[in-house]
Amino acid sequence: MPETPQHCVITKAGVIALNETLAAEMREHDVRVTVLCPAFFRTNLLETARSATAELAAMGKTAFAQSTMSADAVAAAALRAVARGQLYCLPMREGRLVWRFTRALTERYARLLSPARMLRLAKWGQPVV
């Protein structure tokens with residue numbers, strides 16, 4: 001099955017849930033867990049990445065080009081979060097905004113990420129709410 005934006009979101013949600021559960025289960029053993037949740041940041045990932053469609057490839061290229069944080073800065077943020085014992089590390093402002101939005105308005109967020117809406121956005125650059 002080709003990878004879609006929805007598969008990426010599902011995978012990330014699974015990793016977050018796994019870490020939340022691990023943190024809860026290991027707390028009594030004084031083991032802390034940190035899950036790193038960066039948005040796009042500058043890497044050479046696109047040099048070897050494959051996309052299901054040309055539209056997804058273009059969206060990824062645009063997101064990486066607009067990123068303002070380097071991999072080193074993301075790593076430094078992760079190390080600070082681990083040192084503080086934080087469960088979540090959200091190093092970018094846009095990532096923190098999305099995180100808060102998804103928790104406050106879960107149903108609205110689900111509608112915004114619908115496959116039909118994402119396709120229209122990729123094809124015409126216009127969000128359809």
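Modeller: A helix here is a DSSP run of H or I with at least four residues, and helices are numbered from the N terminus. The model is predicted. Just after α3, G85 takes a positive phi of about 75°.

Biologist: Which elements of the protein chain have the lowest and the highest mean pLDDT?

Modeller: Helix α6 (residues 115-124) has the lowest, at 60, and helix α3 (residues 71-84) has the highest, at 95. The average for the protein chain is 79, and 74% of the residues score at least 70.

Biologist: What makes the reach of α3 close to the expected one?

Modeller: α3 has 14 residues, and its first and last C-alpha atoms are 20 Å apart. The expected span is 1.5 Å times one less than the number of residues, and for α3 this is 20 Å.

Biologist: How do you know that the buried residues of α3 are on the same side?

Modeller: The buried residues in α3 are V74, A77, A78 and A81. They cover an arc of only 100° around the axis, so they are on the same side of α3. In an α-helix there are 3.6 residues a turn, so residues three or four places apart point the same way. The buried residues of α3 pack against β1 (35-36) and β2. On the face turned away from the buried side, D72, L79 and A83 are exposed.

Biologist: What makes one face of α2 the buried one?

Modeller: Helix α2 (residues 54-66) has G60, A63 and F64 as its buried residues. Seen down the axis, these residues fall within an arc of 95°, so they line one face of α2. A54, K61, A65 and Q66 are exposed on the other side. As for its length, α2 has 13 residues and reaches 18 Å, close to the 18 Å expected.

Biologist: Why is the pair of Y88 and W99 called tilted?

Modeller: The count comes to one aromatic pair. In that pair, Y88 and W99 are 4.7 Å apart centre to centre, with 55° between the planes. Ring centres within 6.5 Å make a pair; stacked needs planes under 30 degrees apart and edge-to-face needs over 60, so the rest, including 55°, count as tilted. Y88 is in strand β2 (residues 88-89) and W99 in helix α4 (residues 93-104), eleven residues apart, and the pair links distant parts of the chain.

Biologist: Are Y88 and W99 buried or partly exposed?

Modeller: Buried means under 20% relative accessible area, and exposed means over 50%. Y88, at 28%, is therefore partly exposed, whereas W99, at 16%, is buried.

Biologist: Which residues make up the largest nonpolar core?

Modeller: The five residues are I16, V35, C37, L90 and W99. Leaving out residues up to four places away in sequence, C37 touches I16, C89, L90, P91 and W99.

Biologist: Why is N19 called buried?

Modeller: Its relative accessibility is 14%, which is under the 20% cut-off, so N19 counts as buried. N19 lies in helix α1 (residues 5-26). Apart from neighbours within four places in sequence, N19 is in contact with V33, T34, V35 and L87.

Biologist: Why is V31 called partly exposed?

Modeller: At 35% relative accessibility, V31 falls between the 20% and 50% cut-offs, so V31 counts as partly exposed. V31 lies in the loop between α1 and β1.

Biologist: What separation is there between the C-alpha atoms of V31 and G85?

Modeller: They are separated by 9.3 Å, while V31 and G85 are 54 residues apart along the chain.

Methods:
Residues numbered from 1 in each chain as written. Predicted model: local features only at pLDDT ≥ 70, side-chain atom pairs only at ≥ 80, totals over all residues. Heavy atoms only, no water. Helix = DSSP H or I, 4+ residues; strand = E, 2+ residues; numbered from the N terminus. Buried < 20%, exposed > 50% of the residue type's maximum accessible area, 1.4 Å probe, protein only. Contact = heavy atoms within 4.5 Å. Phe/Tyr/Trp six-rings, centres within 6.5 Å; stacked < 30°, edge-to-face > 60°. pLDDT = per-residue confidence, 0-100. Arc of directions from axis to C-beta. Core = buried A, V, L, I, M, F, W, Y, C linked by side-chain atoms within 4.5 Å.
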